[in-house]
Amino acid sequence: TPYGHLEADREALNEISGDELRVEGEAIKNEHAITSEVAFIKKTFPQAKFLPIILKPGVSPEQARELAKKLFELGKNEKILVLASVDFSHYKDSQTARENDQESIAAIRTSALDKIYGLDIDSPAAIYTLLKYSQLNQVGFELLNNSNSALLADKPDLESTTSYVTGYFVK
């Protein structure tokens, strides 16, 4: 990063590793959901170590739940930040994206795990993991912002957008 090297947390990797977890350095190098976050993490938490995880399509709710439990156990021994970098609606007009996002935000706010895999989002498994982790920590969702590429570009008539939901969890 422009702020120095962000060290991998190999100890955490060993703690959460299992049969279905593989190290694929090339996949991580090209994943914008990870590369767009590393400079922010290094600047904000200069001493932090980093454990990027990509949840591929096909990760089941059971697998996501198990990952959340492993992260929760990991967080008992040290402070951790669990960050999900997930696009929401894709290829929809601005109004449809906003409607889809309202459904997603409602499911996140109420921790409706049973609805997550039916939402219009890139990675239901990542959101499911994050929500299960938040439940285990007994924290609730606070929305910061919801927008989409049409609104950000000041072109509300665009037929194809990507939407974004930004928030955090707090007790």
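This is a predicted model: local features need pLDDT of at least 70, side-chain atom pairs count only at pLDDT 80 or more; totals for chains, interfaces and linings use all residues.
**Stop 1: the salt bridges**

Begin with charged side chains. Side chains of opposite charge can pair when their charged atoms come close. The structure holds 4 salt bridges, and we will visit some of them.

Select Lys49 and Glu7 and show their side chains. They meet in a salt bridge, with 3.9 Å from N to O. Which parts of the chain does this pair tie together? Lys49 sits in the loop between α4 (38–44) and α5 (61–77), while Glu7 belongs to the segment before α1 (10–16), so the pair links parts that are 42 residues apart in sequence.

**Stop 2: along helix α5**

Next, select Glu66 and Lys69. Their side chains form a salt bridge of 3.7 Å, N to O. Here both partners lie in helix α5, 3 residues apart, which is about one turn of the helix. Glu66 is partly exposed, with 41% relative accessibility, and Lys69 is partly exposed too, with 35%.

Stay on α5 and select Glu73 and Lys76. This is another salt bridge, at 3.1 Å from N to O. Again the two residues are 3 apart in helix α5, so about one helical turn separates them.

**Stop 3: helix α8**

Now select residues 124–136, which make up helix α8. The helix has 13 residues and reaches 18 Å from its first C-alpha to its last, close to the 18 Å expected at 1.5 Å a residue.

How many of the residues of α8 are buried? The count is 11 of the 13, so the helix is largely enclosed by the rest of the structure. To see this, colour the buried residues, among them Ile127, Tyr128, Leu130, Leu131 and Tyr133. The buried set also includes Thr129, Lys132 and Ser134. What do these buried residues pack against? Show α5, α6 (94–109), α7 (113–116) and β3 (161–170), and you have their packing partners.

**Stop 4: two positive phi angles**

Step just past the end of α8 to Gln138, which takes a positive phi of about 55°. Most residues other than glycine have a negative phi. Gln138 lies in the loop between α8 and β2 (140–148). With a relative accessible area of 66%, Gln138 is exposed.

Then select Asp154, another residue other than glycine with a positive phi, near 55°. You will find Asp154 in the loop between α9 (149–152) and β3. Asp154 is exposed, with a relative accessible area of 66%.

**Stop 5: a nonpolar surface patch**

Go back to the surface view and select Phe45, Leu81 and Leu83. These three form a nonpolar patch on the surface, with about 290 Å² of accessible area together. Zoom in on Leu81, which is placed in the loop between α5 and β1 (90–92). Leu81 is exposed, at 55% relative accessible area.

**Stop 6**

For the last stop, select Glu37, in the loop between α3 (32–35) and α4. Is Glu37 buried or exposed? At 18% relative accessibility, Glu37 counts as buried, because the cut-off for that label is under 20%.

Leaving aside residues up to four places away in sequence, Glu37 touches Leu83 and Ser85. Leu83 is a member of the nonpolar patch from the previous stop. With Ser85, the link is a polar contact between the two side chains, at 3.1 Å.

Glu37 and Thr166 are 129 residues apart in sequence and 13 Å apart in space.

How values were computed. Residues are numbered from 1 along each chain as its sequence is written. Side-chain values use heavy atoms; hydrogens and water are left out. Helices (H or I, at least four residues) and strands (E, at least two) are DSSP runs, numbered from the N terminus. Buried means under 20% relative accessible area, exposed over 50%, partly exposed in between (1.4 Å probe, protein chains only). The expected span of a helix is 1.5 Å times one less than its number of residues. Contact means heavy atoms within 4.5 Å. Patches are made of residues with over 30% relative accessible area and no salt bridge: like charges are joined within 9 Å, nonpolar side chains (Val, Leu, Ile, Met, Phe, Trp, Tyr) within 5 Å. Accessible areas come from the Shrake-Rupley method with a 1.4 Å probe; for residues, only the protein chains shown count as cover. A polar contact is a pair of N or O atoms within 3.5 Å; within protein, one must be able to donate a hydrogen and the other to accept it, and residues adjacent in sequence count only if both atoms are side-chain atoms.
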